[in-house]
Structure formats: structure tokens, C-alpha cells
Amino acid sequence: MIRNWIGFYTLSSREIMRFFSVWRQTIIPGIITTLLYIFVFGVALENRISEINGVSYKIYILPGLLMMNVITNATANSASSMLQMKLLQTLPELLITPLSSLELSLSFIIGGTVRGFVNGVLILLICWMAGMPIINLPLTLLFIFLVSWSFSSLGLFVGQLSDSWDQLALIQNFVITPFSFLGGIFYSIKMLPSWAMTLSQVNPIYYAICALRESTLGVSDTSLVVSSIFLIIFTFATTIIAVQLMATGKKIRF
Amino acid sequence: MSKKLAIEITNLTKSYEDVKAVRGIDLKINKGEFYGLLGPNGAGKSTTINSITSLVKPSKGSIKIFDQDIEKNFRFARSKIGIAQQEVSQDWFFPMEKLLYFQAGFYGVKKTKAKDRIDYILNKLGLDEHKNKKMRELSGGMKRRLQIAKALVHDPEIIILDEPTAGVDVELRHDLWVYLQELHKDGKTILLTTHYIDEAELLCERVGIIDNGKLIVEDSVNNLKKLVNKSSIVIHLKDDITSINFLNDFNHHISEKKVYVQTESPNLDLPKIILKFSEASVNIEDVHIPQTSLEDVFLDLTGRKIND
């Protein structure tokens, strides 16, 4: 249980202030990338690619792009904050304080969640201005929140295990990016060969995108119930592994 | 003052794969005591103190802070301790003052309550002009002061400093010494690790000498010096004499025109000895009483110099 509330609040705010203080690196890039996608697919390629599930291609890809941004930001925040603290010797100053491993891990997770969520909402706004419908706003925000939280937890897990920026980049390049692309950002998985379809069904990013596509566009490859349940379980699972890893002290207490 | 124990370490052992960093250390530090852990680099000083703050997980043994186990009651134990690590941390996102507020917050100190304390420490450590600067703008000495400020921000009862003056300039070193003595007078328990002999001699009431993962001896500085079986008076003779029977009351030997006399109290015995020389009409060229330092103690106990 959380008992050191002031400590918990202080570290959570520190994590949030940290990324806001470098907003040029943490908030602007996602917005620019999304605008570029909207421009390229909307203006240049719109007429050459047919509709998917009755939705224009430009609009179809937007929920996926939004989720990719949320995932990248949420993961990067907790992972890089943890690794940076390790490399710059600030982590020991935190570990000696009366903060429990639960309080420590939740604070890091909250930092990443807020960054994922803020990016998600800003991009949602841009998508909406670009013509994307939002059928169910509360559910949309809930999905952005769950995905931010779960991937922030995953980021913390990875950050605690990493020893260098190289290792973090490996995770980004060899896990997050391929999983995002294979999660159906740019296509419906029904367009894939059956083996790839089966593979997609164990990809959490696939469910994240399906859920959001359903709550905004009202179309998707999987039912809303299935993707919601998957996301909730995934959120709990990632939180538990991150908190557990922190409790073991692996690679942070020697 | 009651002899309450601030820190109690029992059979602390820590192995890293094949290396035994600490091999069964027992250490008791009284409340209000100024204790120094002296030893060469790699002796196990940092491992010992990092075990106290749970940065290091001991392989064996137990540690208590004011009678509370540091694992079972970690919130209590950690809130009593402030530690300045040896490695200077580099949080470059926030200005110095903000970092201190964060550190106080981690310890559960409210912002409003922390303000007076932070203002006081900034002033005390000569940092208030620089409080809005970020890490990159600080000199090495200021970073070190900030490190110490962070350790003190929650007004801990036990202050642990890991090599606080390693690589700092003479002036800062002196300032720190004065400040540490002040904290000690206020009743704080201070545990210091150092490989500087003079630092330990000047500040510490008790010194534990640690080598190769073991506490080889601990006592007051004066008592430790008595351990060294060293000639306490050296008399240089003018002529080459091989035997001086008149000095048989004293434990002595002669070598190359020098007489080495062993005595517990050289200052008291010196006049008597000189008198005996003059009675026997033996000419003396020079007399001196060599000062024993903790360096000699270390050398005597381990056969090595501390900073080799």
C-alpha cells in the first residue's frame, strides 16, 4: 500500500515535470509526425488507395498512428527516466529514501502515463480536426489511458533492466516499431496471410489499435469486448511485472 | 547521555560473485557519536555504508537503526539517515533549489515545512546565490556541497558521508570539517568514510580501520596510536657509542649513532633521560619525539600504507 503519500506525489510530479521541461523533444515530435502522415496520405495518396471497411484510407490509419505515438511516448518516458537516473547517479538518492518499491514504480509509471495521455489527446484533437469521427469520446480517452499506463509500465521494466542507451534503442527498434507496424496501423489484418493474422492476435498493439478504431471510427477487426478485456488484462499484467521487478531490486540495488 | 545505539551492524557479509567485498563486519555506533571508517580504496567502506542505506543487499548479517531492522522497518530506518554518496549525482533537468525540494518530498517532508530547512542549508553551505542554477552551471565544489545539502534536507539524526572531501579543494574541505563538527555538537550521529588520515584524526571520536573487507581494529584515535610499538624518543649521538648502561632503566636500543627509547610517556621521560646522558657525559646532537599517526597504525596492522 502507498503510505508515503508526499514522497509518492513528489516523485510523480517530478516525472511529469521532467518531460514537460523538455517539451520540444517529448510533445512536439508526435504532433509533427501525425501532421506529416495526414498530409502525405491525405493529399498525395488518398485517391490511389481504396477504402478499408468503408472508411477512407487517410482516416483509417489515424487511430493507429495515434496509438503508436501514445505507445512510443509512454514507453520512452519511464524507460529513459529510469535509465537516465541510473547513468547519472541520481537513482541511489531516490532508493535511499523511505519510498517503497510500489511507490517508486507507480510514480515512474504515472510519469509515462501522463506523457502518453497528453500526446494522445493532442493528436486526437488534430485527427478530429482532420475529419476523424469520435463515436465514443469517454471510451476513446479510457483506451488512450490504458495503453499509456500499460506501455509506461513496460517501459519502466525495460528501463530497469537496461544498462545503456544502446540497449533501450534495441527494444525500440526491434520490438516496439515492428509490433506497431504489424499491429495493423496501416492495414486491416484481414488483408494479411492467415499465419500473420494468427500472429497479430497475440500482439497487444493490435488490440490497442482495434479498440481505438472501434471507439472512434466504429470499425475494427476484433469486437470491442475482446479488445477491451485484452487491454485491461494487459494493463494489470504489465503493472504487476514492473512493480515486481522493482521489488527485486535487480540492476538497481547491488 | 545514554548509550543508545544509532547503528548496529552484525556479521555483515557481502560477496559479488567470486569477490568477497565485506567479510563479517560487526559495528556499533552510539547515538551522537562521530565515527570514522578508515581504509584504503576497495577495503569495503562503501559496501558497508551502502548496506546501511539498502543500496547494497547484504549476503549475510543484519543491520539495525535505533534498534529497528532496516528491512522490516525500512521507512523508519531510512527516514533517520541522510547520506551523501561518493559519486556526485547529475540531475540536469531542474535547478538546485528544486532538487532539494524534491529530495525533502521523497522523505515525506511537506513543501511548506521544507522551506525553512532548505533556506537554512543553502545559506549554511554557501549555496544560496546559486540556488536557481542547474547542474551544468555548477562548479565541482558546488556540486559536492549540493550533494551534502541533499543528505541534510530532512534533518536526519544519522548523517553518513562517503568520502566527503575526496577531490575537493582545501577551502571547502576546511569549511566542511567545521560544519560537520557543528552538526556533531548538535547531537547528530555522524559516520564518515575516508582514506585521509588527518580527516579521521581531526574529526572522529572513534575510528574503525577496515581492510580487505574486515574491521581490523576500532578505538579512539589516541588509543589506536598507542597500539603502535614505535620508538617514542629518538636521540642522535655525537659519537659512535655501542653501549649505554646508564639507560638500562629504559627499554632502548642503539643503531648507527641513534638511541631509540620506548616509553609510554615520552614528554615526561625526556628530561630524566637527558639528565642521565649529561651525568654520563655522553654528547647529544639532537633529540626528537616522532608523532604517531593513524598511518603508522595502519602500516603496523597491515604492513601496507593506506594510500598505496
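A salt bridge is a side-chain nitrogen of Lys or Arg within 4 Å of a carboxyl oxygen of Asp or Glu. The views below show a predicted model, in which local features need pLDDT of at least 70, side-chain atom pairs count only at pLDDT 80 or more, and totals for chains, interfaces and linings use all residues. Residues are numbered from 1 along each chain as its sequence is written, chains are lettered from A and ligands numbered from 1 in the order in which they are written, and side-chain values use heavy atoms, with hydrogens and water left out.

View 1. The side chains of B:D269 and B:K272 form a salt bridge, with N and O 3.4 Å apart. Both residues belong to helix α9 of chain B and stand 3 residues apart, about one turn of the helix (helices, H or I of at least four residues, and strands, E of at least two, are DSSP runs numbered from the N terminus). B:D269 is buried, at 10% relative accessible area, whereas B:K272 is partly exposed, at 48% (buried means under 20% relative accessible area, exposed over 50%, and partly exposed in between, with a 1.4 Å probe and protein chains only).

View 2. B:K276 and B:D249 are joined by a salt bridge of 3.5 Å, N to O. Because B:K276 lies in helix α9 (residues 266-279) and B:D249 in the loop between β11 (233-237) and β12 (251-255), the pair ties together parts that are 27 residues apart in sequence. B:K276 is partly exposed, with a relative accessible area of 23%, and B:D249 is exposed, at 64%.

**View 3. The interface of chain A and chain B.** Chain A contributes 30 residues to the contact and chain B 33 residues (contact means heavy atoms within 4.5 Å). The two chains bury about 2800 Å² between them, 63% of it on carbon and sulfur atoms (buried area is the accessible area, with a 1.4 Å probe, that two parts lose on being put together, summed over both). Across this interface there are 3 salt bridges.

View 4. B:K150 pairs with A:E93, their closest N and O atoms lying 2.7 Å apart. This pair runs from helix α5 (residues 140-152) of chain B to helix α5 of chain A, and both B:K150 and A:E93 are buried. In another salt bridge, B:D91 meets A:R14 at 2.7 Å, N to O.
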